[in-house]
Amino acid sequence: MSEPSTTTVVERADTGRRYEILVDGRRAGLTAYRDLGMQRVFFHTEIDEAFAGQGLAPQLVQQALADVRASGMRIVPVCPYVAKFLKRHDEFADITDPVTPDVLRWLKTQLG
């Protein structure tokens, strides 16, 4: 028997300032960001427990970072998951900026 096929889509939700991964139309996870000039600062990634273990997080982050590149922006990986992903995927190294104390202070004011 074959597995039932599922549709997985990653989309940018500008109002929520996050990328969401949808499985058959249900939100399965997200990676949240704030924009600082031309830098997109990623600070949180989560996958719903119901969807854990399906390899959705790398898919979500890969497509989010590809979108950052397409937008002509740069990546700042405050989120530990995004930072770990970037260590394994050096194709984004040219558009990745270091996490600095200034960025962390700014992010804290953004998140209140």
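Reader: What makes the approach of the Thr31 side chain to the backbone oxygen of His44 a polar contact?

Author: Happy to start there, bearing in mind that this is a predicted model. A polar atom of the Thr31 side chain lies 3.4 Å from the backbone oxygen of His44. The cut-off is within 3.5 Å, so the pair qualifies as a polar contact.

Reader: And what is the distance between the side chains of Thr31 and Thr45?

Author: Those two side chains are joined by a polar contact of 2.8 Å.

Reader: Why is Thr31 called buried?

Author: Its relative accessible area is 0%. Thr31 belongs to strand β3, residues 26–36, and among the residues it touches are Arg18, Tyr19, Phe42, Leu60, Ala64 and Val82.

Reader: How do you know that β3 and β4 pair?

Author: Pairing asks for at least two bridges, and β3 and strand β4 (residues 39–47) have 8, so they count as paired, in the antiparallel sense. As one example, Asp35 has Arg40 in β4 as its bridge partner.

Reader: What makes β1 and β5 edge strands?

Author: The open sheet has 5 strands in the order β1-β2-β3-β4-β5, with mixed pairing. β1 (8–13) and β5 (74–77) each pair on one side only, and that makes them the edge strands. From one strand to the next, the twist averages 30°.

Reader: Which helix packs on the sheet, touching β1, β2, β3, β4 and β5?

Author: That is helix α1 (residues 56–70), whose direction makes about 165° with that of β4. Helix α2 (residues 80–88) lies across β3, β4 and β5, at about 120° to β5.

Note on methods. Residues numbered from 1 in each chain as written. Predicted model: local features only at pLDDT ≥ 70, side-chain atom pairs only at ≥ 80, totals over all residues. Heavy atoms only, no water. Helix = DSSP H or I, 4+ residues; strand = E, 2+ residues; numbered from the N terminus. Buried < 20%, exposed > 50% of the residue type's maximum accessible area, 1.4 Å probe, protein only. Polar contact = N/O pair within 3.5 Å; in protein donor to acceptor, adjacent residues only side chain to side chain. Contact = heavy atoms within 4.5 Å. Axes fitted to C-alpha atoms, helices over the stretch in contact; angles between N-to-C directions. Lists of a residue's contacts leave out its neighbours within four places in sequence.
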